[in-house]
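The following paragraphs lead the reader through a structure, beginning with the meeting of its chains and moving on to individual residues. Please keep the sequence and the model in view while reading.

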Amino acid sequence: MTYFNRFWLVFMIGLAGLASCNNDDNASPDNGNGSGTGTVTLQFAHHVDGKPLLMDSLLYQNQAGNKYEVTLLEYIVSRFQLGKADGSSTAFDTAVYLNAEQPNSLTITLSEVPAGSYNRFRFNHGLDSAMNQVGEVPTTQDFRNMAWGDQLPGDYHHMRMEGNFEGPDTSGVFTTHCGASEDAQGNYSNNHVAVSLSHDFTVDENTNTNIRVRMNLNEWYANPNEYDFGSLDQPGIMGNHSRQVMLSQNGHNVYSLAQ
Amino acid sequence: MRKIGPILLLFAGVVVLMNCEKDDPLRDSEPKPPSQPDDSTVETTPYELDLPPHIQRSLGDMPVPDDNPLTKEGVKLGRMLFYDPILSRDSSMSCATCHKQENAFASNEKFNMGITGATGFRNAMALMNLAWGDGFNWDNSAPTLEEQALEPVVNPAEMHESWPHAVKKLKRSDFYPEHFDNAFGDQEITRHLTAKAIAQFVRSLTSFNAKIDRFVQGQASLTPSERRGRALFNTEEGDCFHCHGSANANPLFTSNEFLNNGLDSMGPDQYNFNDRGLGAVTGVKSDRGKFKTPTLRNIELTAPYMHDGRFETLKAVMDFYSDSLQPASNVDGDILKHLPRSQNGYYNSGGMDLTEQEKQDLVNYLETFTDTSFVNDPRYSDPFE
């Protein structure tokens, strides 16, 4: 081998070595099963039996026959869990305030989600008993304004939905305020709703996955308990244990996911 | 001509050079002249707050703007400016003329008179715990405390001064230049620095040492009447807490929202309020008649009540909420639900329908919000006395 040929051989070996190192530094993650993380963005939206929610618009009617408009819809969601088929999950033990009239509040980004395949999305509507205490939620004005009365069990509203209704028997204001309650024997009932939705999705490294969450307002008043504003929501339900339990039971059918 | 030519050329060159110097991009990147150093070179001492544990837990740290943190020097200067009549045209009136410490920095007069004899048309609001809120004045006309401090100085019905003249007086003062230097560095005194200092002092006004605070911490007991009042306050019977918070989760005792609480009657979709309140600022018709929800802390000391001072006593306020809430389309839902429906489907006046004992119980409970240490705190009093 001539000197010249040796030179080129060494050069090419070196070049190949450099190229190899370069590939290792820029390795792409395995598709769907990489060791990196991505983000999941939750986008909340509201409808009434398929009709998009328009605030202050007398467009809706619930199962009990109340025609109604919504003037306020604010609520808390918390403890997000992304579950895998093997039973493992990634949890985010945070609480977030949402308001139907504040679009920025309806998008929640979960960061550093391990890449992989998931099949379930869980969260709490409201705060479970461990979080339903001062000091466990953000110290923002939005959360302060969800304060439950000192005289009542628990520290925060899970939800405040208000509006005006007409018929079938009477008309007036409804103020569906959901939170913890106590039965006649003083037994505490937190009344949050643990939501569990089957959903196949993949999180890839350094990418975002959207999950679109839908609340059907009419389900709060329908299933399994029909809820008439005129007879059940007056003059206020905050200290009424049976109403709070009814609404909590109905809450299990309120949420769904949109594709 | 041949001799003039080079001269003209030279002249033209000089002109070009002069213009080039004005347009020199390097000028924009030059450091500030020594008379205006960066704020970061100022050595100030952080102002220490001593929040009780239950307040720290529910409210967190005091929010302060990045460009105006609380410092000992800034609060000291702001306190001086708050009490000094130098900011008024005739040097007869200061912020403290209306905002009196013994009244929790509210005014005990329905409307106050300015230096010209003109009177305002709204009751001066109490000043405490404002750092945790936003949107100031009864109508949200001041988004920040810094902006709020600018207006009374120039208001013809208040201090009726001009800011250039006020600043001139401050610069000529024997002592203000030094205090401004201590607080903000060797910067020129401006209206904005003056307002920043006042805002720092106002933010420093914290009141969290009332009987209700001691009760929450297990250090005090409530009387039977106060306990009954607490129950009314915190349930939908009296329904106070929705707007005025609760001792546990919202010890500011205000939602800081702008609401119509049913003071004046209007027909359906009518918004002909004499005082448009928030609606005058936003221009939105349905915001007319909405006003800032005030704190109930020290409410025993801040009569008269409401934006126009129409109620002289807390008893009168209880009578209003019990029996005389007025309907309007934009009345808050937690108020409206207590009004009876009329035959035409609208609302009649009405209220929570409280007994005289219940009204007294509520008043007694509200009096547990009085913090005597706040109204006697020497840190907040007149530094010139």
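Between chain B and chain A there are 14 residue pairs in polar contact, both residues being at pLDDT 80 or more. A polar contact is a pair of N or O atoms within 3.5 Å; within protein, one must be able to donate a hydrogen and the other to accept it, and residues adjacent in sequence count only if both atoms are side-chain atoms. On the side of chain B that touches chain A, at least two residues each come from helix H2 (53-59), helix H11 (224-233), helix H12 (241-244) and helix H15 (333-336) of chain B. Helices (H or I, at least four residues) and strands (E, at least two) are DSSP runs, numbered from the N terminus. Sorted by class, this side of chain B holds 10 nonpolar, 13 polar and 8 charged residues. Here Ala, Val, Leu, Ile, Met, Phe, Trp, Tyr, Cys and Pro count as nonpolar, Asp, Glu, Lys and Arg as charged, and the others, Gly among them, as polar.

The model is predicted: local features need pLDDT of at least 70, side-chain atom pairs count only at pLDDT 80 or more, and totals for chains, interfaces and linings use all residues. Residues are numbered from 1 along each chain as its sequence is written, chains are lettered from A and ligands numbered from 1 in the order in which they are written, and side-chain values use heavy atoms, with hydrogens and water left out.

How many residues of each chain are in contact across the interface? Chain B contributes 31 residues and chain A 27, contact meaning heavy atoms within 4.5 Å. The two chains bury about 2,300 Å² between them, with 49% of it on carbon and sulfur atoms. Buried area is the accessible area (1.4 Å probe) that two parts lose on being put together, summed over both. Glu236(B), Ala249(B) and Lys337(B) supply 21% of the area that chain B buries against chain A, more than any other three residues.

The interface also has 1 salt bridge, a term for a side-chain nitrogen of Lys or Arg within 4 Å of a carboxyl oxygen of Asp or Glu. Its partners are Asp334(B) and Arg160(A), at 3.2 Å from N to O. Within chain A, Arg160(A) also meets Glu74(A) in a salt bridge of 3.3 Å. Glu74(A) lies in strand S4 (residues 67-83) and Arg160(A) in strand S8 (residues 159-166) of chain A, so this pair ties together parts that are 86 residues apart in sequence. Glu74(A) and Arg160(A) are buried; buried means under 20% relative accessible area, exposed over 50%, and partly exposed in between (1.4 Å probe, protein chains only).

On the chain B side, Lys337(B) forms a salt bridge with Asp239(B), their closest N and O atoms being 3.1 Å apart. Lys337(B) is in the loop between H15 and helix H16 (356-366) of chain B and Asp239(B) in the loop between H11 and H12 of chain B, so the pair joins parts 98 residues apart in sequence. Lys337(B) and Asp239(B) are both buried. Through shared partners, salt bridges join Glu74(A), Arg160(A), Glu162(A), Glu236(B), Asp239(B), Asp334(B) and Lys337(B) into one network.

His242(B), in helix H12 of chain B, is buried, with a relative accessible area of 3%. Leaving aside neighbours within four places in sequence, His242(B) is in contact with residues of both chains, including Arg160(A), His177(A), Asp334(B) and Lys337(B). The side chains of His242(B) and His177(A) are joined by a polar contact of 2.9 Å.

Chain B as a whole has 17 helices and 2 strands, and 52% of its 385 residues count as buried. Another salt bridge in this chain links Asp213(B) with Arg297(B), with 2.8 Å between the closest N and O atoms. Asp213(B) and Arg297(B) are both buried.

The structure holds 0 disulfides over all chains, a disulfide being a pair of cysteine sulfur atoms within 2.5 Å. For Cys95(B), the nearest cysteine sulfur is that of Cys98(B), 8.8 Å away. Cys95(B) counts as buried, at 16% relative accessibility. For Cys243(B), the nearest cysteine sulfur belongs to Cys240(B), 9.0 Å away, and Cys243(B) counts as buried at 12% relative accessibility.
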